[in-house]
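Let's take a walk through this structure together, one stop at a time. Keep the 3D view open as you read.

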Amino acid sequence: MRPNRRQTGSNWRAAAEPSARATALVALMASTLLASSAAGLANEAEPLRLCADPTNLPFSSDNPTQPGFYLEVGQALSRELGRPVTYDWYKSYFGKRTVRVTLLGKQCDAMIGLPLSSDFMGPAVIFSKKIATETYALVSRGTLVVHGIDDLRGKRVAVQYQTTPQNLLAGRDDIEKVTVLTPDEGLAALAHGKADAAFVWGPVAGWLNKTTYESSFRIQPVEGDGLSWDAAIGFAKNSTQLRDQVDAALPQLAPRIAELAAKYGLPGAPPIRLGAVRYPIKLASLTGPAQLLRQPDADAVITVSDSTASAPKTEAVALGKEIFNGTCAHCHGPDAVQAERRIDLRRLQTRYGEDMRDKFWTTVHEGRPSKGMPAWKEVFTDDQFEGIYSFLLTVQSSETAN
């Protein structure tokens, strides 16, 4: 008997159903495998390695409960890029040497908070778009509103030692200067009635005001040469692809960056415009941001046959001057021109006479921590110190010391 069409269709469907189920099962397994592979790839994504200072609040910290402004920006950026974040910890105290050892030494992929300037280690370092503007700030109680330097006339101003604000106020005899070494000391002087205002590094002042002084002070950022600059994320020059990815992500992160700036107390009021002579500045740390003057390679060797000769070799003087202006000028003035007599290195010969060389050698090697002078023996070679000394010999004044 021939099977009818109904029977034939039923038999076909009966035969086909197991095959369809098998196909669906294979598709489900393939989909699961693909999803698992994608998750595995995500988990295996290259980490975004950030260079960071472990003790540099409000910017960075190795305390996971209080990472700092820069590190939280980095964390938000890593999420936007779909990459986990890791850190290479290194103190920022040594400025450009820190950048050379970490970022240019390929220990990390990016360093957040470098000055957005072609003068800063270019072209070895390239930069993202701006992430923040960092400034010095005038700190006062709510009753004192400052619109400019003239508003400080007759006031006692705690001014941070060896900074652009100190140089800016040096010629104002109508303002009483109270010299402090750190923003912490400046705000303490203000809190204890020893100063009417403080002119110090703004991010730290804002952080202390928020965490220590319960926001009791007015923080007024300032702008001007050597007083304010844009901060960005730095990369090694061959990392253009990562830099471009970061630049593409930054607009989406703008609201989060603003939230983080407020969280860490970074000054956000409209800045006061002040005129100032441009002075170099230090890498973002507890005392200030990164130097803008060019610093030579720390491994360069300066050969000096007789550094105590009255006419040092031209090459040694030139290289010594370059090192000085790249490292020492933020305290002692460009080309050693400094209005503060106690740190005017043009007076070394009149101060120390025949002991000048020994005094120089001891100071640059061991530092004078109580005076704010770091030890540089781990940064420069003895040949480089000889070059700096050769340069200083050429600028000594015949003025009689007091």
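Our first stop is a bond between two cysteines. The link of cysteine 51 and cysteine 108 is right-handed, with 45° about the S-S bond. Please keep in mind that you are looking at a predicted model, in which the two sulfur atoms of this disulfide lie 1.6 Å apart. The pair ties together distant parts of the chain, 57 residues apart: cysteine 51 belongs to strand E1 (residues 48-52), while cysteine 108 sits in the loop between helix H3 (96-101) and strand E5 (110-115). A search of the whole structure finds 1 disulfide.

Are these two cysteines buried or exposed? Buried means under 20% relative accessible area. Cysteine 51 has 7% relative accessibility, so it counts as buried. Cysteine 108 is at 4%, and therefore counts as buried too.

Next, please find helix H5, which covers residues 183-191. Its buried residues are Pro183, Gly186, Leu187, Ala189 and Leu190. Where on the helix do they lie? Looking down the axis of H5, you would see the buried residues fall within an arc of 155°, so they line one face of the helix. What covers them includes strands E7, E8 (156-160), E9 (176-180), E10 (197-201) and E11, together with helix H6 (202-211). After H5 comes glycine 193, which has a positive phi, near 75°.

Strand E7 deserves a visit of its own. Threonine 135 has its place in this strand, and because its relative accessibility is 8%, threonine 135 counts as buried. Which residues does threonine 135 touch, leaving aside its neighbours within four places in sequence? The contacts are Trp201, Gly202, Pro203, Pro221, Val222, Leu227 and Ser228.

Our last stop is the second largest pocket, with a volume of about 320 Å³. It is lined by 17 residues, and those closest to the centre of the pocket are Ala132, Thr133, Ala261, Pro267 and Gly268. Here you meet some elements again: strand E7 (132-141) and strand E11 (217-223), along with helix H7 (240-263), each supply at least two residues of the lining. What kinds of residues make up this lining? They divide into 11 nonpolar, 4 polar and 2 charged.

Terms used
Residues numbered from 1 in each chain as written. Predicted model: local features only at pLDDT ≥ 70, side-chain atom pairs only at ≥ 80, totals over all residues. Heavy atoms only, no water. 1 Å grid on protein atoms, 1.4 Å probe; cavity = no way out; pocket = protein on both sides within 12 Å on 5 of 7 lines; lining within 4 Å. Points joined across faces, edges and corners; volume = space filled by probe spheres on them. Helix = DSSP H or I, 4+ residues; strand = E, 2+ residues; numbered from the N terminus. Nonpolar A, V, L, I, M, F, W, Y, C, P; charged D, E, K, R; others polar. Buried < 20%, exposed > 50% of the residue type's maximum accessible area, 1.4 Å probe, protein only. Arc of directions from axis to C-beta. Contact = heavy atoms within 4.5 Å. Disulfide = S-S within 2.5 Å.
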